[in-house]
Amino acid sequence: MPLEITWWGHATCTVEDSGVRLLTDPLFARRLAHLRRRRGALPPPEAALADVVLVSHLHSDHLHLPSLALLAPGTRLLVPRGARRAVPGLARTAGQRDLAVTEVAPGDEFSVRAGVRVRAVSARHDGRRLPFGPQLAPALGYVVEGAARTYFAGDTGLFDTMAEEVGPVDVALLPVGGWGPYLGPGHLDAGRAARALAELAPAAAVPVHYGTYWPIGMDAVRPHEFHAPGEEFVRRARRLAPKVTVRAPAHGERVRLP
């Protein structure tokens, strides 16, 4: 059975492997604080259907409580260890929706069902809930190991041990941009993502985390940072990792990968 990936926008993807649906960092909002969705229709209700949801870190565009409230009762959430302490609303939302929350740290593994498991890996990103809040939970990436091995990087900077910690993978979902005109530390832009791709050396890659949300009133400020990262990643990947098949789906598009 081929791997199927649907990119809903930002860091939100559905990964379908061996009959299991995994959803990454669900964000189903038209507006979030000072950000508005500028490209791609809101995902349909079926986008919230998942066996397991992978939350990479505590920023509200990745751990978005109103979006988690759209999940079906009984859905399993994997969140960074310490998330419930750092975000009290997570426990309330999980209780109201009967969501099963499991906290994980780098190196932890979770068995979804026979033949499919998820392994948490390190990320280099400030994943605090608030910019000045305490560091109570690590930022994570995840490797889904089923018929294929799929790496969801979450938000991360490039770090020396990335390929070693992630291990061999078939597909990499890599962030290539952000939601504002400037990327701070702990992020991958198109160039750094292409360097990461060359080190990871998967068979295929999908760029994510770009071209969806943008600050209100800043449409004319460095617009290339909104529009260009996906295409720039494809160009740079062709040069730095020519053996990797790169697919850049449109919002809501499903791609099949061998």
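I looked up Arg236 first: at 31% relative accessibility, Arg236 is partly exposed (buried is under 20% relative accessible area, exposed over 50%, partly exposed in between, with a 1.4 Å probe and protein chains only). Glu232 is also listed as partly exposed, at 25%. The side chains of these two, Glu232 and Arg236, form a salt bridge of 2.9 Å, N to O (a side-chain nitrogen of Lys or Arg within 4 Å of a carboxyl oxygen of Asp or Glu). Glu232 and Arg236 are four residues apart in helix H7 (residues 229–240), so about one helical turn separates them. Helices (H or I, at least four residues) and strands (E, at least two) are DSSP runs, numbered from the N terminus.

The model is predicted: local features need pLDDT of at least 70, side-chain atom pairs count only at pLDDT 80 or more, and totals for chains, interfaces and linings use all residues. Residues are numbered from 1 along each chain as its sequence is written, and side-chain values use heavy atoms, with hydrogens and water left out.

I then checked the other salt bridges, and the whole structure has 18. Glu16 pairs with Arg21 at 3.6 Å, N to O, and Glu16 is buried at 16%. Arg117 and Glu109 have their closest N and O atoms 2.6 Å apart.

Last, I looked at Thr102, in strand E8 (residues 100–104). Is Thr102 buried or exposed? Thr102 is buried, with a relative accessible area of 18%. Beyond its neighbours within four places in sequence, Thr102 is in contact (heavy atoms within 4.5 Å) with Arg76, Leu77, Leu78, Val79 and Phe110.
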